[in-house]
Amino acid sequence: MSPTAKQPQAVPISHKEVAARINQVLNGIRVPDLPYPTGKSAPEAIPDWRPLLLSCWSEQRDERVTHVLRSVQIDWSVRQVNAAYLADRIMDVFLNTSGLHTSLVSRIARLRFWFAWRVGEDGGAGFPLVVLKWLDHLQEWRGWSDNGGRSSRVLLELLDSLVIAVAGSFEGGSTEPVEAYCRHWLDDSLKRLGQVDKLRQRLSETERGLSRQRHAEQIAKALVGRALKGRHLPIVIARFVMDDWISVLKQSVLADGEESELCRHANKILEWLVWAGDPELSDKDRSKLYRVGEQLGDLIHDVWRRALGQDIPVAKIDAINAVIVDRIKGETIELELALPGSDDFIWDASSLDRKAVKATDIEFYLDHWFVKGEGVDEQRRFFFTFLPDSQEIVWTNGAGVKLGLQAWSEFQQELEAKTLRLLPDLKPFGEVMEETILLVANVCDKQQQQREQAAREVRARVEALRREKEEAQRLAAEQQAAQEAMIERLRAEAEQQRIADEKLESERLMREAETEAARQIEQLGLEGWIVLDREPTKGEPLRLKLAVKIAASGKFVFVDRLGLNRHQFMRDELLTGVVNGTIRILGGGAAFDDTLSRVVGRIRGSRNGGSV
């Protein structure tokens, strides 16, 4: 839980817009290699995938919903497949960009099974607002690390409860168990933040006080260490400095700072004590030793009282004065190494020359999270505050509990070595969801445009084929009509030619028949016989004999066998009758009859439309 995490907005994006985009994606997108059905699924044929998704959630499986759908031989609906894809896509992006600890975000990402079910059931309205708000509030756990501590276990226990809530939602077919869980979480979050604020305030006050004491102790030890390093002093002076005067130095720094007059006086007295007690330093100037020894007791008493607020014990000042007197007299005094050889007294002379850290250098890192390690082994710490006195950083965890202190110089070294890195700003789930849905929706739009373009191209091709077919049919019809017209024209021409030929033939035959008939008439002599065909109603043909032939007028007179029943024909009438077949001349014999029959037959055939 981040002590300074800003409260994210409940709905950072337009929920209606996101819902509309989700519905668009569910119905419109097609992703390669996903198990789409071969045809449109009837509502009653859509399989129930809740038991399968519940099983995956209960087992806390870290795999994609689409992989689970492919692993079973079931024909899922297009909506179910797209809901699985959308849930996987959002949770995969959240895994990679949320910035939360890997162990935490991987557990949250398993909500993909529940998310897929809800989106598949209700589309854009399937994800309640309170759940989105809860997911956004997970940022307050940006500093959570899986370190086995109490705060780490608290979050894991909360997520164990989520497993139960989501399972209840699956079993009951309702989102209420999850919504209740999220509401309870958010209510507790407000209480936790209040507790953390109080803890931070107390921690800040405590650490600043302790920092001043550590700083004063470091300065006092550094001053003493620098003054006593390599020196052999009388036992009284050495123990007085290590046991008593170091406290005066520390208190002077605490009271007024290391640059104060009191601290400078206390440090000057330290230097005089060392100078006066070390024969190698003071034996060279006995007169100065006398003057220092004469004033040193009063100065020690004065600074002691100012620093500690009380008089120095008489025994201590008398012991110091006695050693100084012995030194002035030149008596031999037992000396010892002033600094102990053990590690009990640790000092750092660099703290005396330390430069102050600029506030602008601190601001860049203050109230930010830092990470050490990688993956599930990473540990997170919060730059709670900087202690300028001791130049130390106070690290806390997500619950605001102090993790430890670190010197500013060491912090800089770890940053340069990249063993410690700044945690980038976290991306709320709502932002991840918005960006992912908009991206997928854009792909869906492009696919829709491509499908529409393909449909237009298909329609254009169909229309072109239709026009080509119509044109081909028109051309074929025109060709057929032309062929038929040509055939009709040729037939008509042939018919005309046939008629003309028949007419010519008929005229030729007629001429032949008339010539033959004329020849027969010319050869018909007296007593020659003819047969006059009568109409069927008038009985048998009449046989007549030529009785009179008048050449000048062309008149022929015929009579029957008895010489009666006289019939008179003019030459033209007789010719016409012979040609028409109503009159047959018998006087010419059989050859004459055959010849005349053939000629007359051809004439009749040409009149009836037959071929000759």
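The model is a predicted one. Two helix pairs are described, α10 with α13 and α17 with α18, and each of them is oblique. The crossing of α10 and α13 is left-handed, whereas that of α17 and α18 is right-handed.

**Packing of α10 and α13**

- Helix α10, which spans residues 235-256, and helix α13, which spans residues 286-308, have axes that come within 8 Å and cross at roughly 55°. Because of this angle, α10 is oblique to α13, and the crossing in which α10 passes α13 is left-handed.
- On the α10 side the contact is made by F240, D244, W245, S247, V248 and Q251, and these meet I300, V303, W304, A307 and L308 of α13.

**Packing of α17 and α18**

- Helix α17 (residues 429-523) packs with helix α18 (residues 571-580) at an angle of about 125°, and the two axes lie 9 Å apart. The angle therefore makes α17 oblique to α18, with a crossing that is right-handed.
- The residues that α17 brings to the contact are M510, A513, E514, A517, A518, Q520, I521 and E522, while α18 contributes R571, L574, L575, V578 and V579. This set divides into 9 nonpolar, 1 polar and 3 charged residues.

**Burial of α7**

- Helix α7, made up of residues 129-137, is mostly covered, since 7 of its 9 residues are buried. The buried residues are V130, V131, L132, W134, L135, D136 and H137.
- The elements that cover these buried residues of α7 include α1 (15-28), α5 (102-109), α6 (112-122), α8 (150-172), α9 (176-228) and α17.

**Cysteines**

- The structure holds 0 disulfides. C182 counts as buried because its relative accessibility is 0%, and C263, with a relative accessible area of 3%, is buried as well.

**Two glutamates in helices**

- E414 lies in helix α16, which covers residues 408-417, and E414 counts as buried because its relative accessible area is 13%, where the cut-off is under 20%. When its neighbours within four places in sequence are left aside, E414 is in contact with K372, Q406, T419 and L420.
- E205 is found in helix α9, and E205 counts as exposed because its relative accessibility is 54%, where the cut-off is over 50%. The C-alpha atom of E205 is separated by 97 Å from that of A472, a residue 267 positions away along the chain.

**Positive phi in loops**

- D33, although not a glycine, has a positive phi of about 70°. This residue, D33, lies in the loop between α1 and α2 (50-58), and D33 is exposed, with a relative accessible area of 72%.
- E527 is likewise not a glycine and has a positive phi of about 80°.

Terms used: Residues numbered from 1 in each chain as written. Predicted model: local features only at pLDDT ≥ 70, side-chain atom pairs only at ≥ 80, totals over all residues. Heavy atoms only, no water. Axes fitted to C-alpha atoms, helices over the stretch in contact; angles between N-to-C directions. Helix = DSSP H or I, 4+ residues; strand = E, 2+ residues; numbered from the N terminus. Parallel < 35°, antiparallel > 145°, perpendicular 65-115°, else oblique. Left-handed = near helix turned anticlockwise from the far one by under 90°. Contact = heavy atoms within 4.5 Å. Disulfide = S-S within 2.5 Å. Buried < 20%, exposed > 50% of the residue type's maximum accessible area, 1.4 Å probe, protein only. Nonpolar A, V, L, I, M, F, W, Y, C, P; charged D, E, K, R; others polar.
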